[in-house]
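User: Could you walk me through this structure in simple steps?

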Amino acid sequence: MQLTLEFGGGLELLCDSVKSHNINVDPQDGEEELTMKNLLSWVRTNVIKERPEMFMKGDSVRPGVLVLVNDTDWELSGQLETVLEEKDNVVFISTLHGG
Amino acid sequence: MEKTAKPKSRLCTLCNEKRAALKRPKTLEQICRECFYTVFEDEIHRVIVDNQLFKPGERIAIGASGGKDSTVLAYVMSELNRRHNYGLDLFLLSVDEGITGYRDDSLETVKRNEIQYGLPLKVVSYSELYGWTMDEIVKLIGLKNNCTFCGVFRRQALDRGAALLKVDKLVTGHNADDIAETVLLNILRGIYSPNAYRGFAREFIKDLERMRPRAILDIIKSGEDFRISTSTKMPEQGICERCGYISSQKWCKACVLLEGLNRGLPKLGIGRSRGINNEHNTNTKQANGTQSLQSKQCGSLDF
């Protein structure tokens, strides 16, 4: 499944200062769907290069990191349970880095 | 390709037409992007009108760092001034601290704001105001305490820039998280060393918000409602004997720090060390006013 990820507000510094990533990720073995929970764990392993604790806390993002799925706050789509589809656009913005 | 929102997301509760894009922490309403702009701008307009913040014909400087808060402020001020005919003369005021590679990008953002909103821009630099760039200060004092110099100098640089522009008022943009953090730090610093708790306060606030989104606004409200004990000596607004800018002491903090730099005693004015003001003032507890909104670390990732 092809997805576009974008990192902003300082989070790009955790992935070699690259803001936009085109990725290819598939549901785990035995799973039919890819959820945000799966994606976050994949991102932590494959995209984040340093200080993962700045990005995640437990199995979710750190409080203060905004998550948008197709320009909509993930609070409205079910947060970790949000099911991703082909060509979805996922944006992570830290609000913790200055104003 | 424009992807559509997930099926779970509902229609905006205000217009009932567009898909909701966010859940407003303040009200928990699910609203669309356009309605968010409308309610956000209307609320600010109400605050300006109800508190009679401006008078027609006034000159107003907008503190502009190029960050998100001041960019929103510059947009909202120019938009409301136009929409509601406030009759204000608006200016952008930026501070160049002289940190190589730090301010360059954000000053570019401010220059875009200048063009986009048609607001004249004035940039004042530490180098011209104080004779020291932050790079030079860091070379002398190292990375410890440099945020004190940067924060104190920036606050006064805004005052000086405002005087150069001959404005009546200066507006600065802050977000609710920062203000709630300041309220908490002001409580904590009466008890603990403030810097030890800086990271903690922010994380604590964001954890509270996750449990109860209104918590941030509630902390601000409680800060506004503090009762100050009648025996507490509050700082009095006066004029610095040395530079003439605002100060609650004989010498303002910027002059004390500058004196230290120029005399090769950069520790002067940092922490509890004795300085010019303490010779006549043994009450160090109320010495330096309130926790500055500007004093959080800004050059590093302040997660």
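**Helix pair, core and loop**

Analyst: Happy to! The axes of helix α5 (residues 134–141) of chain B and helix α6 (residues 146–164) of chain B come within 10 Å and cross at roughly 150 degrees. Axes are lines fitted to C-alpha atoms, for helices over the stretch in contact, with angles from 0 to 180 degrees between N-to-C directions; helices are DSSP runs (H or I, at least four residues), as are strands (E, at least two), numbered from the N terminus. This is a predicted model, where local features need pLDDT of at least 70 and side-chain atom pairs pLDDT 80 or more, while totals for chains, interfaces and linings use all residues. Residues are numbered from 1 along each chain as its sequence is written, with chains lettered from A and ligands numbered from 1 in the order in which they are written.

User: Is α5(B) roughly parallel or roughly antiparallel to α6(B)?

Analyst: The two axes cross at roughly 150 degrees. Angles under 35 degrees count as roughly parallel, over 145 as roughly antiparallel, 65 to 115 as roughly perpendicular and the rest as oblique. So α5(B) is, relative to α6(B), roughly antiparallel.

User: Which element gives the largest share of the largest nonpolar core?

Analyst: This core has 21 residues, being buried Ala, Val, Leu, Ile, Met, Phe, Trp, Tyr and Cys residues joined through C-beta atoms within 7 Å. Elements giving two or more residues include β1 (2–8) and α1 (36–46) of chain A. The largest share, four residues, comes from α1(A).

User: Is A:K49 buried or exposed?

Analyst: A:K49 lies in the loop between α1 and β4 (56–57) of chain A. Counting C-beta atoms placed from the backbone, a residue is buried with 20 or more others within 10 Å of its own, exposed with 12 or fewer, and partly exposed in between. A:K49 has 12 other C-beta atoms within 10 Å, so A:K49 is exposed.
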